[in-house]
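This report walks through the fold of one protein chain and then through a few of its parts. Please keep the sequence and the model in view while reading.

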Amino acid sequence: MSRPASPPAPAEGLRPSTESAGRLRAVLLMAGSCLPVLGAVLIAPVLPKMQEHFAAVPGAKTLVPVVLTIPALALALLAPFAGVVVDRLGRVRLLVWGTVLYALLGTAPLWLDSLGAIVISRVVVGIAEAAIMTCCTTLIGDYYSGRTRERYLALQTMCASVSATAFFVVGGAVGSAGWRAPFWIYAVGLLLAPAMALTLSKPRPTGGAAPEEPAGEKTSFPVRRLAGICALTVFGAMVFYTVPVEMSYLLDDLGVKSTGVIGLATAIASAATVVGSIAFTRLSGSTAGRLPVVFALCAAGFVVIALANSPVVVIVGAVLNCLGTGVLLPSLLTIAMSRLDFAERGRGTGLWTAAFFAGEFICPLVLIGLESATGSMAHAVGLLGLASALTAGGLLLVRRRPAPRLRSAV
């Protein structure tokens with residue numbers, strides 16, 4: 001008896017298979033996406049204690065804050081190269097080894113006594129974070145498509161927002177045992193890496209190509225297709241991080257000194273980001289088409305903050321802004337993903353990740369410059385709101401332009 005003929009391969013030969021995408025796989029990708037966030041906020045509460053410990057070290061006043069920020073800079077600079085490695089060596093393999101490296105170097109300050117050595121270890125942590133973030137986001141693009149992909153990208157934003165608040169609280173609590181104590185939490189990577197190796201399957205194009213290898217001819221890097229969205233992402237990251245980074249200073253300028261009140265206000269703003277991310281999964285229509293409205297909402301929040309004369313009004317403005325940023329981040333990432341084939345997704349995601357973390361890194365620097373020019377942080381935020389409104393207007397003018405499309409469906 002002859003075997004029935006196999007069904008023909010779909011026309012979009014580079015489209016990855018999405019079958020049997022289990023919950024554990026999604027949990028691991030979300031957990032991996034939170035690791036760079038952990039690195040960005042976990043040790044912030046213990047920086048004063050660390051400063052005191054290294055007070056006798058020349059340049060400690062500069063080097064200790066660098067311990068917190070240098071991983072983000074390394075991530076921004078190296079994520080495009082991580083994307084190239086992702087496309088050449090494979091997503092899962094690089095993710096596992098990046099997570100192991102993250103755990104080993106993240107815990108290094110537990111036994112390092114040299115501030116210079118600690119700074120170097122943090123640079124390597126940033127390299128590992130570049131690999132982890134690029135791989136996790138690329139795998140979401142590989143495993144899922146359409147509305148399912150959009151939901152998981154929104155969930156990635158939600159997890160980052162919630163974990164940022166949680167890690168700040170955890171870092172402060174654990175830091176009561178000493179400035180080194182929070183670095184133990186980096187060891188979570190040693191738990192995640194084996195689970196990732198055992199659970200995450202190698203994405204395979206449906207056309208029958210070898211695992212993690214692009215089918216057909218090699219494609220050139222889509223610089224022109226991603227240049228615009230990456231430039232917009234740098235600015236979008238600045239908009240995204242302004243409230244979490246500057247909330248304490250804005251409230252302090254209005255006479256709020258209680259860390260409990262400041263923490264509560266930041267948590268309320270983070271909750272608004274989560275609500276915005278949930279709303280993103282419920283919205284219909286073109287993702288690119290809603291960007292003008294989203295930037296306008298962010299701008300409105302900034303303007304309310306700039307004009308506020310009481311802490312309550314600042315919180316109202318922060319909530320408005322964070323509702324917008326909750327929609328903004330997954331929107332930008334979804335647009336970038338829609339312009340990438342399977343064979344170039346790692347490189348494209350690396351470039352987008354670099355753009356986002358570059359915006360995170362320069363956000364406080366830009367606001368400090370604007371504060372120096374205007375005389376207050378509120379006025380600086382107001383100028384950023386004006387820039388957001390102009391961006392919304394510019395996007396509204398060009399929204400009728402046809403967006404670049406893939407050679408095959410995604």
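## Overall fold

Along its sequence, the protein chain of this predicted model runs through the pattern α-α-α-α-α-α-α-α-α-α-α-α-α, and the count is accordingly 13 helices and zero strands.

Of the 410 residues in the protein chain, 50% are buried.

## Helix 4

Helix 4 covers residues 91-106, which is 16 residues, and it reaches 22 Å from its first C-alpha to its last, close to the 22 Å expected at 1.5 Å a residue. The buried residues of this helix are Arg91, Val92, Leu94, Leu95, Val96, Gly98, Thr99, Tyr102, Ala103 and Gly106.

Apart from neighbours within four places in sequence, Glu150 is in contact with Phe280, Thr287 and Thr334.

Thr157 is also found in helix 6, and it counts as buried because its relative accessibility is 3%. Once neighbours within four places in sequence are set aside, the contacts of Thr157 are Phe240, Ser277, Gly326, Leu329 and Pro330. Thr157 and Cys34 are separated by 123 residues in sequence, while their C-alpha atoms are 9.4 Å apart in space.

How values were computed:
Residues numbered from 1 in each chain as written. Predicted model: local features only at pLDDT ≥ 70, side-chain atom pairs only at ≥ 80, totals over all residues. Heavy atoms only, no water. Helix = DSSP H or I, 4+ residues; strand = E, 2+ residues; numbered from the N terminus. Expected span 1.5 Å × (residues − 1). Buried < 20%, exposed > 50% of the residue type's maximum accessible area, 1.4 Å probe, protein only. Contact = heavy atoms within 4.5 Å.
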